[in-house]
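Please have the sequence and the 3D view open as you read.

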Amino acid sequence: MDSTFSVIIVTTIIVAICAKWAVKLVNWLWFKPRELEKILRQQGLNGTPYRPFLGDVKNMVRLNEADKRKTINLSDDTSPHVFGYYYRTVAKYGKNSFLWFGPWPRLNIADPELIKEILSRPDAFQQPLPETGKILTGGIAFLQDEKWAKHRKIINPAFHIDKLKNMVPLIGLSCSSILQKWKAIVSSSNEGCSEIDVWPDLEDLTGDVISRTAFGSSNEEGKRIFQLHRDKTELTLEIFQLTMIPGWRYLPTKLNRRLKAMNNELQLLLKGIVDKRQKAMERGEAMPNDLLGALMESNSRFINEDNNGNKNVVGMSIDDVIDECNFFYFAGSKTTASLLVWSMVLLCQNPGWQTRAREEVNRVFGNEEPSFESLTHLKT
């Protein structure tokens, strides 16, 4: 009798727990999104209807893959090919509209007054922390409130104009390397011209620039870090739909193990570089003129001088510095490569501007290597 009663109690508890989780799951996947959709529509916003679990992600991935396979001419409108799903959503539902990332709505806001209100009220409109962002990187973009303010204060001096101007020669070395490669391809062609897919080279260029400017003498380690970040980004895009599942990245799947191995190698490489710099600073050695050196100098100054003698104020930890180094790569590689590609596309679409830009470059630089001072004379 006692054993039967115990089984009944245990079974009841298990059923109750399962029922509780089932209710939470249904609320998360259906009732809460439907409630949010109703509120958005009541406020005058239009958007795609909610589809359980993935929302618009599946269609977004499918259309992006289809757009990648399309060949466009220079005379074509490029807008539908850049974030094509957003373009279609805005065209159908308006500039102020919404779509769905899993069970979460994402707003497209183009009204300047609404954008101003959102940015001026961080208490009401909190910064979103997407799951893919947590996988890819850390750093200041994912911080809030006082910690964000502290990191911003420490990081700002590293991007002061006097620091950046010293990096122009390093950037020039990376650019010269790519240009020499392209010249060799063209000169080896019997026709005196050649068609070049510039995207892979521009990705390599931005990675090389970040490696040189972020780590200076640790350039080879920097290149390996860039390669790991590129592999990690591609892998994250492959598993984009799975990130909608809460806690998925903690499961011991094959893909998650690969991501963990990449993260461990990245942390090991960056920690090794940062530790070397930290020991050099403790010995009183001058920091190199690169982003890491400027960041560590600024952090040391914040700890020793800028806290008005308050011993409870601490700067960035070693892990914080590593996160910011990771963010340098993530924020500066594909974004800059994309900017360069589309700049080339626009110059090809507007040969008049291309001619003006070329004439100005020849006039300002002649046969000299670009310098910070000469770059300031470019107006076009």
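Contact here means that heavy atoms lie within 4.5 Å. This is a predicted model, in which local features need pLDDT of at least 70 and side-chain atom pairs count only at pLDDT 80 or more, while totals for chains, interfaces and linings use all residues. Residues are numbered from 1 along each chain as its sequence is written, and side-chain values use heavy atoms, with hydrogens and water left out.

**A glycine in a loop**

Helices (H or I, at least four residues) and strands (E, at least two) are DSSP runs, numbered from the N terminus. With that in mind, find G139 in the loop that links helix 5 (131-136) and helix 6 (145-155). Which residues does G139 contact, leaving aside its neighbours within four places in sequence? They are D323, E324 and F327. E324 is 185 residues away from G139 along the chain, yet 4.6 Å separate their C-alpha atoms.

Is G139 buried or exposed? Buried means under 20% relative accessible area, exposed over 50%, and partly exposed in between, using a 1.4 Å probe and protein chains only. G139 counts as buried because its relative accessibility is 7%.

**The domains**

Domain bounds come from an automatic or database domain assignment. That assignment gives domain 1 (3-125) and domain 2 (153-349). Taken over C-alpha atoms, the centres of domain 1 and domain 2 are 31 Å apart.

**The sheet**

Two strands pair if DSSP finds at least two bridges between them.

Strand 1 and strand 2 run parallel and are joined by 2 bridges. Strand 2 (residues 97-101) and strand 3 (residues 104-108) run antiparallel, with 5 bridges. Here are some facing residues:

| Residue | Stands opposite |
|---|---|
| N46 | S97 in strand 2 |
| G47 | F98 in strand 2 |
| L99 | R106 in strand 3 |
| F101 | W104 in strand 3 |

Strand 2 is mostly covered, with 5 of its 5 residues buried. S97, L99 and F101 point one way from this strand, while F98 and W100 point the other way. The hairpin of strand 2 and strand 3 has 2 residues between the strands, and G102 there takes a positive phi near 65 degrees.

**Helix 11**

Helix 11 (residues 254-282) has 29 residues and reaches 42 Å from its first C-alpha to its last. That is close to the expected 42 Å, the expected span being 1.5 Å times one less than the number of residues. Buried residues of helix 11 include L259, M262, L266 and R277. Just after helix 11, G284 takes a positive phi of about 85 degrees.
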